[in-house]
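Reader: Could you walk me through how the parts of this model touch one another?

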Amino acid sequence: MSTPADNAPAAHSAGAEESRPSLAALLLDPSFWADWASVVGLVGLVIVFGIAQPVFLSVANLQALLLAAAILVVLSIGQTFVIATSGIDLSLAAAVMLGAIILGLVNAAGYGIFIACVLAVLATSAVGFLNGLIITAGKIPDFVVTLGTLSGITGLGLILSGGEPTMVGSTFLLRLASGSFGPFGYPVWVAIAAVIVAHIALYHTRFGVHLLATGGQAESAGALGIRTDRVKIAAYTVSGFCAGIAAILLVARIGSAEPQINTSLLLNSVAAVVLGGVSLFGGRASILGPAIGALMLTALVNGLTLLNVSAFYQPLAVGAIVVLAALIMRYQK
Amino acid sequence: MSAPHHIPATEAIIACEGLSKHFGGIRAFTDVAFQARRGEVTAVIGDNGAGKSTLIRSLVGVHQPDAGNLFFDGRARPFANPDEARKAGIETVHQNLALIDELTVAQNLFLNREIVRRIGPFAFLDRKAMKREARSMLSRLSINVPSINQRVRRLSGGQRQAISICRAVGSGAKLVVMDEPTAALGVQETANVEALIRRLREQSVSVILVSHNFDQVRRLSDQIWVMRAGKMAATVRASETSGNELVALVTGAA
């Protein structure tokens with residue numbers, strides 16, 4: 001039988017040697033590549049496009065690239081919170097459309113742009129909240145519910161707008177879209193702020209830990225008293241909130257509220273999250289990864305455009321990269 | 001067969017009398033009196049279906065007993081759910097429902113009781129304090145893990161069980177309940193977990209241990225309660241019994 005000495009529970013267990021793996025070991029570990037896929041991909045793209053088309057690296061182009069990436073970065077953050085709970089928000093791009101339409105209609109009704117923006121964000125947050133509520137209370141798979149709300153709010157958007165775009169002539173939004181502070185345009189700052197807030201929420205609050213616990217093993221988390229349903233609902237509400245911010249940026253960018261869904265926004269938000277090393281099975285997430293993933297996808301489109309590659313090839317390239325990233329992720333396990 | 005002898009209420013951390021639980025027409029256990037002394041390891045043994053797991057779950061709020069009284073820490077305390085029991089100071093070490101694979105050892109040890117620093121209306125995790133505390137919790141119980149920053153996924157079954165136990169004890173629980181803590185473990189890992197339980201005993205932590213393994217309960221516990229066919233059949237001091245006697249009590253041959 002065991003004696004205490006057998007198990008020699010090592011007095012040094014609490015010691016300081018929490019060694020970090022060596023660089024070489026790190027580079028051989030497939031999970032390193034999966035975690036850093038977006039960074040590696042971004043650096044690779046910058047090098048390739050920089051050599052093939054020097055204009056790519058011009059300050060003006062890089063600024064335009066960041067500006068174009070801002071909306072996707074914000075959406076990817078929302079999607080990250082949902083995917084971290086092992087869910088998926090397919091209604092994200094539709095929520096952006098709904099937010100934009102509400103923004104346009106409220107503004108057109110003469111209520112002022114701030115109220116319009118606030119109502120847009122409230123509406124998309126409510127969509128997220130509803131998603132979470134139906135998923136947890138009804139115990140229905142995430143993709144079914146969000147597919148349903150995708151269709152539902154698309155219809156709602158069409159009904160509200162009558163299928164017609166609404167012009168939004170607001171000096172506030174115009175300044176938001178075209179103004180800049182320091183090296184970056186305001187939308188880029190909005191995205192940076194979103195990244196910082198989300199990063200703090202994920203890594204430095206109880207909500208973040210509970211979110212990952214819920215995504216990792218919901219049953220265990222529940223057994224420890226974590227209210228996993230509330231955590232999920234909160235994650236979807238965050239996603240909806242991000243859709244509202246994205247809607248404001250989108251309306252500011254194009255100057256009108258279109259009753260049209262930009263499906264590539266949805267697919268790219270999921271793609272950015274996958275590229276960012278977030279596990280689709282939940283429990284593992286970062287904010288910087290998906291943000292860089294969003295940058296990488298935008299850089300890909302931007303570079304291909306500069307190289308005069310037809311826009312028809314861009315979805316193909318995005319798809320190939322996402323599947324490649326997913327393949328690398330597979331070796332993580 | 002010895003009748004359950006009564007321990008003064010001040011010595012019992014948890015006690016019940018006349019406790020019964022039925023599921024529809026099926027009796028899980030009937031008229032059970034049971035006590036666990038403060039600072040002791042109290043074992044509950046019995047055959048499959050004897051009602052020991054249901055009894056334990058009825059003590060910690062998972063099931064609601066149909067009849068009988070439950071006392072915890074000197075007060076009448078029926079628990080409506082496991083959360084209430086946990087708040088009162090009973091931590092249960094679940095067999096499989098324990099740890100979050102993707103979180104680190106330190107994060108798991110402080111899951112849902114994270115240490116936070118308040119800045120205005122916001123509360124931020126105090127990760128340094130949690131890591132420091134985690135190290136001292138582990139070293140107090142001499143639990144050896146490669147790093148508190150390691151994801152639990154990479155730990156062995158025994159290490160995971162040790163972390164779960166450490167979390168239960170570290171929460172300042174007055175009573176730690178373990179349901180078959182070594183059922184899924186190999187020989188060496190079982191030895192490690194047993195050594196850990198022995199250290200808990202040395203530190204006067206009150207433990208209830210449910211087990212199939214008669215040798216194990218004789219090695220680890222102070223008092224042994226035997227259930228048979230939904231009744232509390234006997235209770236004996238571990239030091240005054242033999243493996244044969246336990247087998248006889250469990251099977252009803254005595």
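Reader: Into which domains does the assignment divide chain B?
Author: This is a predicted model, where local features need pLDDT of at least 70 and side-chain atom pairs pLDDT 80 or more, while totals for chains, interfaces and linings use all residues. Residues are numbered from 1 along each chain as its sequence is written, with chains lettered from A and ligands numbered from 1 in the order written. Bounds come from an automatic or database domain assignment. For chain B these are domain 1 (1-89 + 174-254) and domain 2 (103-172).

Reader: Which element gives the largest share of the side of domain 1 of chain B that touches domain 2 of chain B?
Author: Contact means C-beta atoms, placed from the backbone, within 7 Å. Eleven residues from domain 1 of chain B and eleven residues from domain 2 of chain B take part. Helices (H or I, at least four residues) and strands (E, at least two) are DSSP runs, numbered from the N terminus. Six residues, the largest share on the domain 1 side, come from helix α6 (residues 187-202) of chain B.

Reader: Happy with that! How many residues does chain B give to the contact with chain A?
Author: Elements giving two or more residues to that side of chain B are α2 (82-88), β8 (122-125), α4 (127-140) and α6. Chain A brings 27 residues to the contact, and the number from chain B is 33.

Reader: At roughly what angle do the axes of α14(A) and α15(A) cross?
Author: Axes are lines fitted to C-alpha atoms, for helices over the stretch in contact, with angles from 0 to 180 degrees between N-to-C directions. The axes of α14 (residues 288-306) and α15 (residues 314-330) of chain A come within 10 Å, and they cross at roughly 145 degrees.

How values were computed:
Contact = placed C-beta atoms within 7 Å.
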